[in-house]
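Open your viewer and get ready to click along. We will go one selection at a time.

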Amino acid sequence: MVKNNGKKSNGNKNDENKNNGIIINVSNLTRDFNGFRAVDNISFSIKKGEIFGFLGPNGAGKSTTIKMLTTLLLPTKGSIIMNGHSPITQPDKVRKTFGIVFQDPSLDDELTAYENMEFHGILYDVPSNVLKSRIEQLLKMVELWDRKIELVKHFSGGMKRRLEIARGLLHHPLILFLDEPTLGLDPQTRNHIWNYIKELNKKEGITVFFTTHYMDEAERIADRIAIIDHGKIIAQGTSDELKKKTKTSFLEDAFISLTGKDIREEEASTLDMLRMHRRMFKR
Amino acid sequence: MKIKAIYVLWIRQLKRYLRSRVRIIGSLAQPVLFLVALGFGFGPIFQKAGGGNYLDFIAPGIIAMAILFTSVFTGIEMIWDRQFGFLKETLVAPISRLDIMIGRTLGGATVAVMQGIAVFILSIIFGFRPANIFSIPLAIVFMALIAIIFTAFGTAIASQLEDMQGFQFISNFIIMPLFFLSGALFPLQGLPNTVVMIAKFNPLAYGVDGLRGALINQVHFGLGTDLIVLSVIAVVFLVIGSYSFSKIQL
């Protein structure tokens with residue numbers, strides 16, 4: 001009965017949302033892996049043009065959520081509507097609407113930077129008369145135009161990440177997913193990348209969904225933040241709202257107050273260990 | 001079906017192949033070794049037994065072997081794409097899993113056929129003389145069929161594996177037996193019935209037979225049978241490969 005009510009109100013919300021410019025609506029999303037619940041009944045919605053930060057410790061379910069949103073993984077339960085389509089039932093329609101920068105590189109090392117871009121453009125059916133100029137413009141934006149004919153295997157981590165961002169934008173997506181986009185990068189490169197993304201968001205109105213476990217990034221970049229832990233969203237709102245809710249003056253304190261612990265790796269519970277092992281076996 | 005997407009996946013495989021000269025030369029070394037060592041080593045005995053020129057006999061078998069190894073390997077290479085992350089890039093793209101599978105298979109198969117032609121040319125240098133130059137196009141058709149079957153086979157296996165650790169197992173328990181029990185190195189005539197029966201269920205046996213028929217006019221099953229069996233198996237393997245590929249979740 002409760003479930004029914006929930007569904008009904010969600011249905012109504014969906015109708016309203018179209019008018020309010022909601023581009024992503026997730027309700028009661030759940031994913032199990034062999035009896036282990038990685039994502040547990042989460043619901044949230046993101047407005048068009050918003051920068052949404054998904055904050056949580058390692059293994060909290062951030063990447064699993066992104067995989068479900070981007071059609072790479074089927075949910076066990078729940079529904080997702082992205083730009084009016086469901087990644088579960090209409091994956092091809094949804095795939096056109098987003099660009100994604102994965103946590104680990106997903107470039108072809110044996111191709112050049114330009115070829116990686118070209119490959120992507122053709123896969124996404126970017127008209128050939130604009131493809132060249134768009135690639136040039138994007139590679140210039142990420143400052144890789146001078147190195148366009150170099151094989152990607154000779155690139156550094158930061159360069160690869162910049163190339164991936166350029167590639168993710170090539171087909172003019174409405175939504176850009178960034179899964180820990182600055183993990184393992186130096187502060188200069190991090191700053192650089194976030195500046196691009198903020199500018200893009202302002203200029204083109206691209207909706208940005210990013211995951212991170214850096215508190216400062218979430219606070220500085222995101223319009224709204226959802227904090228996820230053990231597969232559940234435990235709080236969402238603006239950085240100020242989260243601080244107010246927990247009566248703290250720093251997001252970091254709010255985070256600790258909400259999740260109870262600081263850095264997860266340092267005191268990994270058995271469940272986290274299990275997750276780690278699972279990840280290692282998955283590889 | 002998106003022809004452009006299939007084309008770009010195909011050209012990617014070719015570019016990767018043509019850029020890795022070490023791989024090209026490395027994968028030519030083994031067939032050449034077999035050709036030279038066995039061709040010249042067993043030549044006199046084969047001649048004495050009334051089998052004719054052994055080099056001419058095994059050259060089509062060695063070409064088939066080069067294609068078998070290259071195509072299974074390019075299929076299995078998908079595991080690397082998975083580990084290095086590139087697979088995700090193709091899986092989130094707005095194209096069907098079937099198109100990805102077709103593009104990959106055609107790319108891998110083209111690479112394997114090129115490898116087969118390279119071995120063919122090398123075997124001519126070492127003294128192989130095809131009986132009929134005009135049936136070389138038919139030989140290339142057989143090369144393509146072998147290549148498509150085993151690239152799809154490799155992709156199907158790669159869809160089930162998560163790392164290269166299983167590759168050794170597959171190599172020793174599937175690929176080598178397929179090769180040795182295909183009649184690539186010895187005639188199937190007069191062999192124990194069990195071996196002949198096994199060969200009848202081995203797709204490569206029909207490929208070797210077809211190549212031998214086209215290149216030196218010696219057939220065991222018959223060219224028509226070879227063509228039909230190989231075409232049917234190619235379709236079946238493409239379907240199996242596409243199905244297991246479509247089940248991939250990351």
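How many residues of chain B are in contact with chain A? Select both chains: 20 residues of chain B are in contact with 24 residues of chain A, where contact means that the C-beta atoms, placed from the backbone, lie within 7 Å.

A word before we go on: this is a predicted model, in which local features need pLDDT of at least 70, side-chain atom pairs count only at pLDDT 80 or more, and totals for chains, interfaces and linings use all residues. Residues are numbered from 1 along each chain as its sequence is written, while chains are lettered from A and ligands numbered from 1 in the order in which they are written.

Next, select residues 3-19 of chain B, helix H1. H1(B) gives 7 residues, the largest share of the side of chain B that touches chain A. Helices (H or I, at least four residues) and strands (E, at least two) are DSSP runs, numbered from the N terminus.

Now move to chain A and its open sheet of 6 strands, in the order E5-E6-E7-E3-E8-E9 with mixed pairing. Two strands pair if DSSP finds at least two bridges between them. Click on E5 (98-101) and E9 (232-237) of chain A: each stands at an edge with a single partner strand, so one side of each is left without a neighbour in the sheet.

Zoom in on E6 (residues 175-179) and E7 (residues 207-212) of chain A, which run parallel and are joined by 5 bridges. Select Phe177(A) to find its bridge partner in E7(A), Phe209(A).

How values were computed
Contact = placed C-beta atoms within 7 Å.
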